[in-house]
Amino acid sequence: MSVRLKLTLSYAGFIMVVGVLLFAAVCVFYLWFLPDGFISTDGSFWIDRSALLRAFVPFVTVVMAFLLTFGLLGGWLLAGWMLTPLTRITAATRMAANGSLSHRIRLPGRGDEFRELADVFDTMLARLEAHVSEQQRFAANASHELRTPLAITQTLLEVARNDRDRDADELVDRLHAVNTRAIDLTEALLLLSRADQRSFSREQVDLSLLAEEATETLLPLAEKYGVTLETSGDLTPTIGSHALLLQLTMNLVHNAIVHNLPERGTAWVTTRAYPNSVVLTVENTGEKLTSQLVSTLVEPFQRGTERVRTHHAGVGLGLAIVNSITQAHAGTLAVTARAAGGLCVTVQLPTEP
């Protein structure tokens, strides 16, 4: 049976029970309080209880039939009216199951349980639509980025096959560079997928120690680019994945080094602890960036033409990975352009999971 039919039978059954109880009370009154065969002193009237009951039974039958009809008809209409919001929710769910995620219920009326359910469902659809769009865009970008080194490799091999006198060492060097870039891109995609799925164990982590480890590891790279690294801050304990948070810090420091001034650049790595959160901030000098460009840097494969260098273009996933790791740890990421030039990236993470 449908929910509407069940509600209808429930309403009708409740009305019938109330009617039976009411008429039972009347019958008890007749049988208990009215004396049988009572005749008034002047003989003007007399009471025959059995005759009253015989006359009362047909009337009760008619009234009960009316109550049953009224209960079924009224219950059917009332159940339909009550279940109208559920019908709209069901229709929206069916459309979403068929692939249409742009439809919204937008249920009007007061904030009852159905309205709350519809609002939650609309929010879920909006997030699901945004997630699917992001995944589709990411898949398209990833396919394009992976196709490029494969196409270059194929071209180099075809040229080498057609030109037997070509220098083999040059070909090996170029193939090695292209293959290295493809490996870096694949590893970055796997790391990004791992962060998005949040499939990692959590432990006690100190961001200040990670910052020191990242700066020590990347110090030779900073010396190569002529960038001065400055690290300071407090103990910043949090809960999360040591490997992912270290990768987050490494990406930020690496970006601060390679996207800096050609010479005499500086990068500052600081950590701060607050009652309910810890903050990691990485700033660097560099060219002045527009707000439009900064807003796109966390998107996958969005390098920004002003930040791409010929000697290190990257794979365009550095800040995208940082953003995904931050979200996987229930944190927030803020990327702003410095007035004097360069970038300031702030990662705020909760102290408790």
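This report describes selected helices, strands and single residues of a predicted model.

**The nonpolar patch**

A nonpolar patch on the surface is formed by Met1, Leu5, Leu9, Leu68, Leu72, Leu73, Trp76 and Leu77. Together these residues have about 760 Å² of accessible area. Helix 1 (3-33) and helix 2 (49-82) each supply at least two residues of the patch. Helix 2 gives the largest share, with five residues. Leu5, a member of the patch, is found in helix 1. The relative accessible area of Leu5 is 31%, which means that Leu5 is partly exposed.

Another residue of helix 2 is Leu52. Leu52 counts as partly exposed because its relative accessibility is 36%, a value between the limits of 20% and 50%. In sequence, Leu52 and Tyr30 are 22 residues apart, while their C-alpha atoms are 8.3 Å apart in space.

**Helix 8**

Helix 8 covers residues 242-258, 17 residues in total.

Leu244 lies in helix 8. Leu244 has a relative accessible area of 0% and is therefore buried, the limit for a buried residue being under 20%. Leu244 and Ile321 are separated by 77 residues in sequence, and the distance between them in space is 9.3 Å, C-alpha to C-alpha.

Five strands make up an open sheet, and their order is 4-6-7-9-8. The pairing in this sheet is mixed. Strand 4 (227-233) and strand 8 (332-337) are the edge strands, each of which pairs on one side only. From one strand to the next, the twist averages 10 degrees.

Strands of a sheet pair through backbone hydrogen bonds, either parallel or antiparallel. Strand 6 (residues 265-273) and strand 7 (residues 277-284) run antiparallel and are joined by seven bridges. Val279 in strand 7 is the bridge partner of Arg272.

**Two loop residues with positive phi**

Most residues other than glycine have a negative phi. Arg264 is not a glycine, yet it has a positive phi of about 60 degrees. Its place is the loop between helix 8 and strand 6. Ala330 is also a residue other than glycine, and its phi is positive, near 60 degrees. Ala330 lies in the loop between helix 10 (318-328) and strand 8. Arg264 counts as exposed because its relative accessibility is 76%. Ala330, at 60% relative accessibility, likewise counts as exposed, the limit for this class being over 50%.

**Accessibility of the residues described**

| Residue | Relative accessible area and class |
|---|---|
| Leu5 | 31%, partly exposed |
| Leu52 | 36%, partly exposed |
| Leu244 | 0%, buried |
| Arg264 | 76%, exposed |
| Ala330 | 60%, exposed |

Note on methods:
Residues are numbered from 1 along each chain as its sequence is written. This is a predicted model: local features need pLDDT of at least 70, side-chain atom pairs count only at pLDDT 80 or more; totals for chains, interfaces and linings use all residues. Side-chain values use heavy atoms; hydrogens and water are left out. Helices (H or I, at least four residues) and strands (E, at least two) are DSSP runs, numbered from the N terminus. The expected span of a helix is 1.5 Å times one less than its number of residues. Patches are made of residues with over 30% relative accessible area and no salt bridge: like charges are joined within 9 Å, nonpolar side chains (Val, Leu, Ile, Met, Phe, Trp, Tyr) within 5 Å. Accessible areas come from the Shrake-Rupley method with a 1.4 Å probe; for residues, only the protein chains shown count as cover. A salt bridge is a side-chain nitrogen of Lys or Arg within 4 Å of a carboxyl oxygen of Asp or Glu. Buried means under 20% relative accessible area, exposed over 50%, partly exposed in between (1.4 Å probe, protein chains only). Two strands pair if DSSP finds at least two bridges between them. Axes are lines fitted to C-alpha atoms, for helices over the stretch in contact, and angles run from 0 to 180 degrees between N-to-C directions.
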